[in-house]
Every structure is written in C-alpha cells, then in structure tokens.
Amino acid sequence: MAAPTLARTAVVVGSSVAGVRTARALRTEGFDGRVVLVGEENELPYDKPPLSKQFLDGRWDDARVRLLTAEAAAEADIELALGVAAQRLDVAAGAVVLADGRRLDYDVVVLATGAAARPSPWPVESGVYVVRTLADSRALAAQLLVDQPVVVVGGGFIGAEVAATARRLGRQVTVVDPLDAPVGRVVGAEIGSLFTDLHH
Ligand SMILES: Cc1cc2nc3c(=O)[nH]c(=O)nc-3n(C[C@H](O)[C@H](O)[C@H](O)COP(=O)(O)OP(=O)(O)OC[C@H]3O[C@@H](n4cnc5c(N)ncnc54)[C@H](O)[C@@H]3O)c2cc1C
C-alpha cells in the first residue's frame, strides 16, 4: 500500500479568531508545509469582542485588538493574503479561487468564514451603524463622541454592550427590543431585569 502523502499547502479562509488560531496551531503542532491565511478585509487580523467595549469607547487602540501582526505572521511563516475574498472553491482541482483571479492550490483547505451582520440598507452617513467589523466600530466610535441621542436596535449582548458604552460616553440611550429585558433571550427575564437596572 502506498504511504500516505503529507499535506504540503494549507489554505485557511477567514482571518479572524478561528482562522488565526488554526494557522498558528498548524505551526505549533508541527505542520511544516505552506500556510496561507486569506481574509477579505484589508486589515491585519483583529479580535471582535472589544469592538463593542474597550475599542468603542477609546480605551484600547488598534494595536491592542490585533490577533496577529505582520511580524508575528512572518515569524510563524504564515503567508497573509488580506483584502481579497475567496470567491469559490475548485474542489476538483484543489484550488481556492480569489476575487482578484489568483488561484491558491491547496492540499488542505479550512473554511473559517464565521458570520456576517445582517446588512443595513442605509449608509452610515444617514446615522445608521452596524457593529461587526473594526471599520464599523471605528465609524461608530467617532459618532458616539457627538452629543446626540442614540437608539440601539437589538438588546442582545452586543446591543447591551454598545448601549452601556454609549452611556459611559454620556449619550442618552434607548434600547429597542421586543423583550422587556436586555439579553433576556439568553439569560431569562429574572437575570435580564438585573441588566435593565444596571443599564438605568
Ligand atoms: C461587536 C462584537 C462583540 C463581541 N463580543 C463577544 C464577547 O464579549 N464574547 C464572545 O465570546 N464573543 C463575542 N463576540 C463574538 C465573537 O467575536 C465571534 O464569535 C468570533 O469573532 C467568531 O470568530 P470566527 O473566526 O469564527 O468568525 P468571524 O469573526 O465572523 O470572522 C470570519 C472572517 O472571515 C472573513 N471572511 C468571510 N468570508 C470570506 C471570504 N469569502 N473570503 C475571505 N475571508 C472571508 C471575514 O471577513 C472575517 O474576517 C462579539 C462579536 C462582535 C461583532
């Protein structure tokens, strides 16, 4: 029987926490082939949790939210293909086809493309913001410095965090949600009411 062939190129699509951890784990677990990390945002990988908290209110800067610097990627021999989306997989040929026409041949491909926010039909110039990416959080952070009332649609964790951050910055905030209590869907009405008191 032929010996199993060793994977030589691993392409990881998605440059957020799952993609970065996978690329790094390949190295720490001894994979010595080529590792390519593909991300559609033109940003070095960053962590999302601070985007509704410490980054949004200005306590943390860009450097603090990075998951991987260019230097750390080079040191771990992880190639970065950022600012370009993976458009399709050519499974028969074993290639990831990028939006700019490049093809990345792979032996192993990992899809770590996560989730996207429900798209807003309104541009930020209209005063409507979505919070999912670093660019979203930057834009909202700038707007929260202006003394204007804020309406947060959605009282889940991220909505409640944005509301608390806006309050900390001195804004007048209204949270709109079909449930009586923020994060009530996850923690139930009783604990949710504690969050309501906290936000008041
Ligand atoms: C504002 C905010 C606050 C949060 N706070 C918390 C918290 O306090 N605690 C907690 O546990 N979780 C929190 N989360 C959730 C947490 O950030 C996510 O669970 C985590 O980011 C998921 O990581 P992921 O790598 O699976 O996917 P994602 O972070 O969704 O990343 C997917 C990546 O894939 C890229 N991508 C998608 N399609 C393509 C493509 N075709 N080609 C190339 N790249 C592509 C995207 O651009 C993105 O960079 C928060 C999320 C947000 C948005």
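Predicted model: local features only at pLDDT ≥ 70, side-chain atom pairs only at ≥ 80, totals over all residues.
**Entry 1: the domains.** I looked up the domain assignment, which gives domain 1 as 9-111 and domain 2 as 124-199. Taking the centres over C-alpha atoms, I find domain 1 and domain 2 separated by 29 Å.

**Entry 2: the interface.** I then turned to the contacts, where 14 residues of domain 1 are in contact with 15 residues of domain 2. The area buried between domain 1 and domain 2 comes to about 1200 Å², and carbon and sulfur atoms give 60% of that area. For polar contacts across the interface of domain 1 and domain 2, I note eight residue pairs, with both residues of a pair at pLDDT 80 or more. Sorting by class the side of domain 1 that touches domain 2, I have five nonpolar residues, one polar residue and eight charged residues. The count of salt bridges between domain 1 and domain 2 is four.

**Entry 3: a pair checked by distance.** I looked up Glu 161 and Lys 53, whose side chains meet in a salt bridge at 3.0 Å, N to O.

**Entry 4: salt bridges in the whole structure.** The structure holds 13 salt bridges, and I followed several of them through the chain. Asp 32 and Arg 8 meet through their side chains at 3.2 Å, N to O. Asp 32 lies in the loop between helix 1 (17-28) and strand 2 (34-39), while Arg 8 lies in the segment before strand 1 (9-13), so this pair ties together parts that are 24 residues apart in sequence. As to accessibility, I record Asp 32 as exposed, with a relative accessible area of 60%, and Arg 8 as partly exposed at 40%.

**Entry 5: a pair between strands.** Asp 90 forms a salt bridge with Arg 103, and the closest N and O atoms are 3.0 Å apart. I place Asp 90 in strand 4 (residues 86-90) and Arg 103 in strand 6 (residues 103-105), so that the pair, 13 residues apart, links distant parts of the chain. Is Asp 90 buried or exposed? Its relative accessibility is 18%, and Asp 90 therefore counts as buried, the cut-off being under 20%. Arg 103, by contrast, is partly exposed, with a relative accessible area of 43%.

**Entry 6: a network.** Which residues are linked in a network of salt bridges? I list Glu 43, Asp 62, Arg 66 and Arg 138.

Methods:
Residues numbered from 1 in each chain as written. Heavy atoms only, no water. Domains from an automatic or database assignment. Contact = heavy atoms within 4.5 Å. Buried area = accessible area lost by both parts, 1.4 Å probe. Polar contact = N/O pair within 3.5 Å; in protein donor to acceptor, adjacent residues only side chain to side chain. Nonpolar A, V, L, I, M, F, W, Y, C, P; charged D, E, K, R; others polar. Helix = DSSP H or I, 4+ residues; strand = E, 2+ residues; numbered from the N terminus. Buried < 20%, exposed > 50% of the residue type's maximum accessible area, 1.4 Å probe, protein only.
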